[in-house]
Amino acid sequence: MGPGTNDSEDRASEGAETGGVTAPEPEEAVDATEGTAVGSTEGTTADERVAAVRRVAAVGRRWHVGQLAGLAALLAVALTGGSIAYGAIRDGNTTTVSASSDGALSPALLNSGNIDASILSLQAHLKAQPRDFGGWANLGLAYVEQARTKGDPSRYPQADKALKRSLAVKPGNEQAITGQAALAAARHDFKDALNFADRVLKENPYSQNALSSRIDALVELGRYADASKAADTADSRRPGIPIFTRYAYVHELRGDVKTARRVLEQALGTASTKGDISYVAFQLGQLAWNQGDYKTALTDYARALAADDTYLPALEGRARAEYASGDKATGLRDMEQLVARYPLPQPLVELGEMYEDRGAAGDKAKAHDQYALVDAWIALARAYGVNADLDTALAAADHGDKAAALRAARAEWARRHTVHTADALAWALHVNGKDAEALPYAKQATATGYRNATFLYHRGMIERATGHTEDARTWLRAALRLNPGFSPLGASEARKALKNLEAAQ
């Protein structure tokens, strides 16, 4: 759930030079009324853009992670000939703003079926009518929506500028502040998201977007009791798909899967646009996946793809569920096809683990190639103002710099105490050999009843490392019973550890 705001309007310094190519910093490359980066090549094909990413990543492998900002700028130039295919590693099963949220974004824009064309129309309108504060707010929120649906973080600085332009024309207007809440959540600045949402709700208690952003922010700050109350309030004031999906997630976090599925089915029954259908069906698929119900998950992902056969989360979920259900060849092929066109962090990690699990000749090198791209994508997100510490912790703990994973996990824990950040910190401590310190965080990650096999596996391994063999057996069995294919590598390690523990009884 949710997004964050970067209030800095300072221009970036001179572009970093990488491999003889000077790239402008992201703030230099975008303008609030331009649909693509300045100087981008409209004719660049998807294959050419992916090839550019892989060339940059090859250079990046020789750099320290902290030196990748220049590479991120180069990636921005390489990719903004079309949509930048960025997707942060998911913060668990967090939700995002539904395409049907009302708020500042006009119904005509939402229902057009083409967010890119709608943005171009808004840009043309604002060039003719630059004093239209509502138009600027619509454009800002449209950029946030475009970033969500196309995985394009370059749109965040554009959204920020458009929203500030709206506020400059009419200070304090609700539409722009609503957009700022959505943008703040998108950038993982959840304290600002909550503040913006509360400002809107003080003036308009029935704003669906602000009600949604408030739930998102409270969940992502780990304030689950407050989030539950906020979801109840929102459901009583403005029931609808954006509220239903959040209400379901709050219940899932408490282990109430039955209610979560009932509410999502209700939401799907009311969905009318392709965007809403694909989004809600995907959420149903994720819920089934978390319970290890691969047949239902595949059915739900198919429902999502029937509405939108390009919906990336559903394509990824389908490949993951195929692999876990035993159809490994199909799952790996589908993940390869997804990554070949959209090299996003989560699919990159998943594909790398599939290669490692298969273990054929050359698979280890292929896996390492996938992991190498993740650092570049995280650097790109940071360059556009996204807090990526959780992403770093999740990826680096198993497939990168373990010390960097721990630094990032500690930094994120200092900002917010959620089950996801508790799990990330516990695991980062574990892989760094700090198991006694890790155990309390692993216990906190599993305290709400949230049914997540990865969390259960992590706790089992940490219990084992701290000498609590019976508890280790309990948690490892629970992980494999819940979702036996939760991770190509993690599930295998869980089975191996459990076998050794049982043999030692």
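Let's start with Arg 223, which is partly exposed at a relative accessible area of 36%. Its side chain meets that of Asp 226 in a salt bridge, 3.1 Å from N to O. Asp 226 is partly exposed as well, with 31% relative accessibility. Keep in mind, please, that this is a predicted model.

Arg 261 pairs with Asp 300, and their closest N and O atoms lie 2.8 Å apart. Arg 261, at 21%, counts as partly exposed.

Another pair to look at is Asp 198 with Arg 214, where the closest N and O atoms are 2.7 Å apart. Here helix H9, residues 190–203, supplies Asp 198, while helix H10, residues 208–220, supplies Arg 214, and the two are 16 residues apart. Both are partly exposed: Asp 198 at 31%, Arg 214 at 26%.

Let's step back to the whole structure. A search of it finds 24 salt bridges. The chain has 26 helices and two strands, and 58% of its 505 residues count as buried. Among contacts with a separation of 6 or more, 64% come from residues 24 or more positions apart. Finally, the surface: the chain exposes about 19,800 Å², and carbon and sulfur atoms supply 50% of that. Thanks, everyone!

Methods: Residues are numbered from 1 along each chain as its sequence is written. This is a predicted model: local features need pLDDT of at least 70, side-chain atom pairs count only at pLDDT 80 or more; totals for chains, interfaces and linings use all residues. Side-chain values use heavy atoms; hydrogens and water are left out. Helices (H or I, at least four residues) and strands (E, at least two) are DSSP runs, numbered from the N terminus. Buried means under 20% relative accessible area, exposed over 50%, partly exposed in between (1.4 Å probe, protein chains only). Contact means heavy atoms within 4.5 Å. Accessible areas come from the Shrake-Rupley method with a 1.4 Å probe; for residues, only the protein chains shown count as cover. A salt bridge is a side-chain nitrogen of Lys or Arg within 4 Å of a carboxyl oxygen of Asp or Glu.
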